[in-house]
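Student: Could you show me how to read a few local features of a protein model, taking them one at a time?

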Amino acid sequence: MNTEFEKHAREQFDGLEVPVDTDALWANVYPHVKEEKGNRRVIVFFLLGLLLGLTAFSLFNFNQGNTISSNQPIESTNPITSTPVESTANTTQTDLNNQTATLSIGATTNTASNTTEVTENDFTKVKTTTNASDIKNTTATTTSTAVRTVARSTASSTSVQTNISKQDQIMIKKDIDTKTFIENNQAAPSLNQNEVVSQKKTTPNLSTNKSLTNSLLIDALNENISNQDDAFSIPESQQKNALDTYVNNLNRLKKATKKLRVGLGLYGGVSKSTNELSSNGDIGIPEYTAGRNASEKQLETVHLGFEVSVYTKNHLYLRSGAEYTRIASLYSSNSSLTSTDSVWDVTEIIINTATGKIDSIEGYVQTTTITEFTKKHYNYINLIDIPVIVGYQFEYEPWSVGIEGGIYANISTKYTGEISNTASDAFYDLEVDENKWFKTNIGIQPYIGLNAAYNLSDNFQVHFSPGFRFETLFSTKENPVKEKHASLGIRAGVRYIFD
Amino acid sequence: MKKHTPEEIIRGCKKQDPRFQKALVVQYSGLLMAVSRRYTKDQSSSKDILQEALIQILKSITNYKEQGTFEAWMKRIVINTAIKYFSKNSFRNELYTIDDQPENSVEPGAYSNMAAAELMEIINQLPDSYRTIFNLYAIEGFSHKEIGEMLGITESTSRSQLTRARASLKKILITKEKIRLRI
């Protein structure tokens with residue numbers, strides 16, 4: 001019985017359908033299968049990108065910062081020499097533009113010179129408010145040398161203490177109060193020969209070498225001192241020029257050594273984009289992508305953005321902000337319009353062969369006109385991204401050039417235009433996006449580029465950034481056609497960097 | 001609504017095109033409802049199961065590898081949904097004793113003229129666990145091993161439950177036949 005009954009049941013149930021209210025069922029099912037908005041995913045991508053950028057930026061800074069101990073107080077045991085003098089002399093080991101500079105400047109009414117031979121082990125820490133760097137020489141000479149006096153300016157401008165411990169440790173402490181220095185010199189710009197204290201001619205001892213010639217301060221001092229060689233007094237104009245140069249250089253040095261500087265800017269750009277279409281392999285899709293590849297042409301891509309950038313004294317920078325990008329393409333479709341009309345005309349001619357009579361019958365005759373035309377569809381992809389770019393720049397005043405790289409985190413994508421539809425003969429409206437093929441699903445796009453900037457003034461600069469950006473996967477995974485964009489272009493703009 | 005081929009529906013649903021999703025619901029609900037009805041006693045439960053199964057089908061259609069027929073794949077989802085609907089524990093703990101085995105055999109004439117609806121009504125008189133195992137084994141054609149994996153029970157449990165289900169069916173059929181003869 002079992003087998004017979006079961007066989008009968010199988011036969012009866014095979015292909016059986018039970019009536020269902022499909023409208024009500026669909027109304028209940030649809031809310032559950034509607035696609036969720038991709039915003040959450042975008043935010044996650046953005047935060048990840050931001051975190052990545054900040055982490056990279058911090059790591060760079062941290063590594064650089066480890067070589068410098070600029071703000072740590074330095075203890076020296078048993079200082080054997082502490083010579084507060086009316087004059088000043090200072091010694092700076094500075095890493096400026098990747099060059100180590102040893103500089104001795106100052107002035108004194110007396111000639112005084114302390115030279116201490118020290119070895120690498122003798123260096124403990126160097127503190128300076130302007131800069132300090134690794135001391136890599138196995139031996140170094142610290143020189144405190146009287147050079148000359150500019151009476152009004154020296155006393156409060158610099159003071160240097162050179163302390164050498166019994167254990168041959170050395171502490172070099174430098175405290176340049178640039179502001180006071182500038183004020184003092186500006187307050188007394190007109191130095192005349194009488195005011196300049198004549199003094200015993202002293203051979204200037206600037207500890208410079210070939211590798212140090214780019215030092216801004218040394219340039220100023222060299223110029224100053226070379227003028228001094230001819231006479232023990234300096235002409236007013238030269239004094240002033242030297243002073244100005246010195247002040248400017250100090251300002252630049254101050255900027256160069258400032259820990260962080262913030263810049264704001266606006267920029268625009270244009271790129272050439274490529275569009276790569278690929279099929280997911282569904283039936284008919286490869287033919288479709290081939291058709292689109294043949295008829296679609298990428299037009300210009302434009303960028304507009306504002307930026308916030310942070311510069312470190314280590315020549316690293318982090319750039320963010322917001323950028324609008326519009327990718328344009330032209331899709332051409334060939335269509336034909338067939339119009340049918342009816343005109344009153346002869347429809348039939350009857351020839352009577354016996355009588356030779358010819359009759360004609362008139363009526364409406366159908367005429368068909370085929371008009372072929374090409375329709376052009378301008379399609380636009382509008383993106384808003386948050387760039388998180390990290391860069392490194394080399395400075396060659398007034399230029400700076402560098403490399404940069406990072407990500408663009410997309411926060412909005414909007415399509416306008418239409419393409420031919422894979423599912424029907426009709427055109428698919430990209431803005432309506434009925435099938436949700438083009439919802440935002442970009443995530444993070446990598447970017448790499450160069451950066452060149454020209455300083456118009458101390459704070460203003462124009463910049464140019466040729467770069468390459470991948471704009472990948474604009475379409476969703478459900479879309480049978482995957483789109484990959486890549487753009488190569490240049491951005492240019494202005495930037496104001498705050499002191 | 002235009003009737004679409006299974007290929008069109010699959011492709012459209014993979015693109016999450018609402019038109020094709022609705023087409024799937026419209027075209028296959030009747031078939032899937034018949035499956036769902038066999039596993040439930042009441043229509044309300046079968047509707048719930050069908051709705052849940054359709055959501056599952058539409059969400060996981062991208063995973064459909066086109067191995068086997070589309071209908072079989074969907075039916076399997078309905079069956080799995082029905083099994084989930086009833087707690088697996090019910091198959092372990094549900095103990096039905098058969099008071100007495102029917103002595104008389106059932107003549108083929110007693111059911112040969114039965115239509116699907118009547119057969120479904122008879123099957124639906126079985127307890128949940130018996131009904132499920134009977135459907136899985138006798139109607140869908142799963143082995144006891146597969147049934148055991150699906151329900152989380154041992155093969156021997158599946159066998160014994162099937163035996164009991166068959167005995168129960170026999171009893172139901174005999175009772176039905178007796179009533180019919182009396183009439």
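**Reading backbone and cavities**

Tutor: In this predicted model, B:Gln16 has a relative accessibility of 19%, so the residue counts as buried, because buried means under 20% relative accessible area.

Student: Where does B:Gln16 lie in chain B, and what is its phi?

Tutor: B:Gln16 lies in the loop between helix 1 (6–14) and helix 2 (18–39) of chain B, and its phi is positive, about 60°, although the residue is not a glycine.

Student: Is A:His315 buried or exposed?

Tutor: The cut-off for buried is under 20% relative accessible area, and A:His315, at 14% relative accessibility, therefore counts as buried. A:His315 is found in the loop between strand 9 and strand 10 of chain A, and this residue, which is not a glycine, has a positive phi of about 75°.

Student: Which residues does a cis peptide bond join?

Tutor: The cis peptide bond joins A:Glu397 and A:Pro398, with an omega of about 5°, and A:Pro398 lies in the loop between strand 11 and strand 12 (399–416) of chain A.

Student: How many cavities of 30 Å³ or more does a search of the whole structure find?

Tutor: The search finds five, and the second largest cavity has a volume of about 90 Å³. Of the 15 residues that line this second largest cavity, those closest to its centre include A:Glu296, A:Ser329 and A:Asn379.

Student: Which strand of chain A gives the most to that lining?

Tutor: Strand 10 of chain A gives the most, with three residues, while the lining as a whole divides into seven nonpolar, five polar and three charged residues.

Conventions. Residues numbered from 1 in each chain as written. Chains lettered and ligands numbered in written order. Predicted model: local features only at pLDDT ≥ 70, side-chain atom pairs only at ≥ 80, totals over all residues. Heavy atoms only, no water. 1 Å grid on protein atoms, 1.4 Å probe; cavity = no way out; pocket = protein on both sides within 12 Å on 5 of 7 lines; lining within 4 Å. Points joined across faces, edges and corners; volume = space filled by probe spheres on them. Helix = DSSP H or I, 4+ residues; strand = E, 2+ residues; numbered from the N terminus. Nonpolar A, V, L, I, M, F, W, Y, C, P; charged D, E, K, R; others polar. Buried < 20%, exposed > 50% of the residue type's maximum accessible area, 1.4 Å probe, protein only.
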